[in-house]
Amino acid sequence: MRVNGVNLTPHQLEVLLEVYRQGSQRKAAERLGLSTPVIHRTLSQIESKAKMRFLDTSPSGTSLNEEGVKIAREYSALLERMKIGEAVVVGGTILTEDLLLASLSNLDQEARYDLVISDDERNLRELKAGMMDVVILDDPLYAYETEGAQFEEVGEDRLIYVDKGEPHMRFRYGAQRIGFRHLEAIGKDYVIEGKTRAVPQLIRSNRSFFINESLALRKGLKLISAIDPQLLSHKILALFYEERPEVSWLLRELKKGRL
């Protein structure tokens, strides 16, 4: 597992994870059959290697900080996904979650599929690492940037552009690059002042933003687009490396539902 650009060994990750699970270095040492100084030394090596702080020290002892907890949780999730075995792992986002749930409900009577909801960037990393079989992309541009992968159209969506001036909030989901490239093409200046995963925060930001029409409709948002959404129309693509029968079955169901 790579952290801040460097690889941490399974032993180092195991120590970090056990400290997270047990809540203390002493209990983690007991659990792993190691001495507390060895645990402390391993954690110091991790910090030195990754050039990041993972520990907070207080009068009550030493504990993982926010970054340490984040890495431990990601490693725990990684271990769980590696146990999946023969299941077909499908990645989507909040934009395609409903479509995927409906398609898998029709298709997956034998629990052959495992659904992960994240964002395009995270899903793509796991696809390239061999931890996912299919990724349903919000941003179709990623399909053309992923070497060796196949893709197939499973839907279509449009962006709505809410114009409140030059300051912009960037939503973490959707074909945001298509929206901002359109602004550049028409010569409209913009400054991205923040990013968010939360629709309410996006709406309340008092900044300009793009949001997918399908998501706005599901949320009951009545938004007037400053740009004709047809100009911001784009495909929803399924990206995969191996066209297994289970992948083909999923693509067929997704096309039936369509965004």
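**Close-up views of a predicted model**

Helix α1 passes helix α3 in a left-handed crossing, left-handed meaning that the near helix is turned anticlockwise from the far one by less than a right angle, and right-handed that it is turned clockwise. This is a predicted model, where local features need pLDDT of at least 70 and side-chain atom pairs count only at pLDDT 80 or more, while totals for chains, interfaces and linings use all residues. Residues are numbered from 1 along each chain as its sequence is written, and side-chain values use heavy atoms, leaving out hydrogens and water.

**View 1. Here is where α1 meets α3.** The axes of α1 (residues 10-22) and α3 (residues 36-50) come within 10 Å and cross at roughly 115°. (Axes are lines fitted to C-alpha atoms, for helices over the stretch in contact, and angles run from 0 to 180 degrees between N-to-C directions.) That makes α1 roughly perpendicular to α3; under 35 degrees counts as roughly parallel, over 145 as roughly antiparallel, 65 to 115 as roughly perpendicular and the rest as oblique. From α1 come His 11, Gln 12, Val 15, Leu 16 and Val 19, and from α3 come Ile 39, Thr 42, Leu 43, Gln 45, Ile 46 and Lys 49 (contact means heavy atoms within 4.5 Å). By class, that gives six nonpolar, four polar and one charged residues.

**View 2. Now for α5 against α11.** Helix α5 (residues 97-107) and helix α11 (residues 245-257) pack at about 125°, with axes 9 Å apart, so α5 is oblique to α11. Their crossing is right-handed. On the α5 side you'll find Leu 99, Leu 100, Ser 103, Leu 104, Asn 106 and Leu 107, which meet Trp 249, Leu 250, Glu 253, Leu 254 and Gly 257 of α11.

**View 3. Helix α8 is mostly covered.** Seven of the ten residues in α8 (residues 176-185) are buried, that is, under 20% relative accessible area, with exposed over 50% and partly exposed in between (1.4 Å probe, protein chains only). The buried ones are Gln 176, Arg 177, Ile 178, Gly 179, Phe 180, His 182 and Leu 183. Their cover includes α7 (141-145), β8 (150-162), β9 (167-171), β10 (191-196), β11 and β12 (233-240). Just after α8, Gly 187 takes a positive phi of about 75°.

View 4. Confidence is lowest in strand β4 (residues 61-64), at a mean of 77, and highest in strand β11 (residues 209-212), at 98.

Note on methods: pLDDT is the predictor's confidence in each residue, from 0 to 100. Helices (H or I, at least four residues) and strands (E, at least two) are DSSP runs, numbered from the N terminus. Ala, Val, Leu, Ile, Met, Phe, Trp, Tyr, Cys and Pro count as nonpolar, Asp, Glu, Lys and Arg as charged, and the others, Gly among them, as polar.
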